[in-house]
Amino acid sequence: MKSKAVFKPNRATTFANSNSNTQSKSRRGTSRLSEQESNSHREPKGKLPLKQSISNSTDKKTSAPKASVSGEKLQKVLARAGQGSRREIEAMIADNRVSVDGKMATLGDRINVNANVKVRIDGHLINLNHAQKEVCRVLMYYKPEGELCTRHDPEGRPTVFDRLPKLTGSRWIAVGRLDINTSGLLLFTTDGELANRLMHPSREVEREYSVRVFGEVDDGMIQRLRKGVQLEDGPANFKAIKAVGGTGLNQWFDVTLVEGRNREVRRLWESQGIQVSRLIRIRYGNIKLMKSLPRGGWEEMDLQNVNYLRELVSLPPETESKLDVTRQRRRPKTGQIRRAVKRYSEQSKRYKK
């Protein structure tokens, strides 16, 4: 009787099968463990996975810092060059009137004034090298009645710029305005930033006027004007008001404001039923209208007064002046100016209301 053959695995076969079973179990166990770990670390909906979040935060820390843009803001450079206040130049840039190296400028552009850069306004080349060396100059001007505070008038009426000294590479900028029927102190400067700050209401630079009024003025009216009245563009008041003379219904007062709204002095008096028949600005800050200055005449201010105005609006002091301090200052030719004023006054009579 034949016996059945029995298969007896050798040690090598047993070890291979055992190892294969172990690896299979290990893979199944690893797969289950990996699934459990994945479920346990699953982030709530809408949040980044942990690894991605860590990676992003690492990228932020290791990202290179942005390179700083060199140069100064275009509107600041042009304001310093006497082309207007920053606000005016920003409006020019927004209206596509300013170009840099042939390309239209945009708000926020910066330029290096030391570089060979070509800046144009309305197609006219601005000499920045000359403007960079231009010192801050200020003129005191006695504006006569009948002159407009504008550079050009389409009707040909006289303007406050007609008799000012000519400049090369910069221009005079009026610090504020006076209406056609108001005379007195008007400041001009070559520094657009200085002009802009002096005019800004936040600086509260005092303006004093000598005003002749027609009508009965009582104490209650003066108190209301000091305390404040409501105008069409908001409340307004005189910081100070002082009677200085007059007879009958024609009286003179010195009044002080700390802002320069359009026709504000006249409108304040008119709110009380009082008519203004004469208005003269006699002070701006601590700068007083010179008694020796004829109407239509100008006088350039010395370095001390220029720096007073700059300090008043938190600008650094100027170190140079165009005035020759080594010789006696030449007074304006009073007779010539008076004749010119008379000629302009006769020409402008027809335009007065």
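Leaving aside neighbours within four places in sequence, which residues is Arg278 in contact with? Glu145, Ser210, Val211, Arg212 and Trp252. Contact here means heavy atoms within 4.5 Å.

Some ground rules. This is a predicted model, where local features need pLDDT of at least 70 and side-chain atom pairs count only at pLDDT 80 or more, while totals for chains, interfaces and linings use all residues. Residues are numbered from 1 along each chain as its sequence is written, and side-chain values use heavy atoms, with hydrogens and water left out.

Back to Arg278. Arg278 sits in strand E15; strands (E, at least two residues) and helices (H or I, at least four) are DSSP runs, numbered from the N terminus. Arg278 counts as partly exposed because its relative accessibility is 28%, between buried (under 20%) and exposed (over 50%), with a 1.4 Å probe and protein chains only. Val211 is 67 residues away along the chain. Yet the two C-alpha atoms are separated by 5.7 Å.

Four of them form an open sheet, order E3-E2-E5-E6, with antiparallel pairing. Strand E3 (103-104) and strand E6 (124-126) are at the edges, each with a single partner strand, so one side of each has no neighbour in the sheet. Pairing requires at least two bridges found by DSSP between the strands. Strand E5, residues 119-121, pairs with E6 over three bridges.
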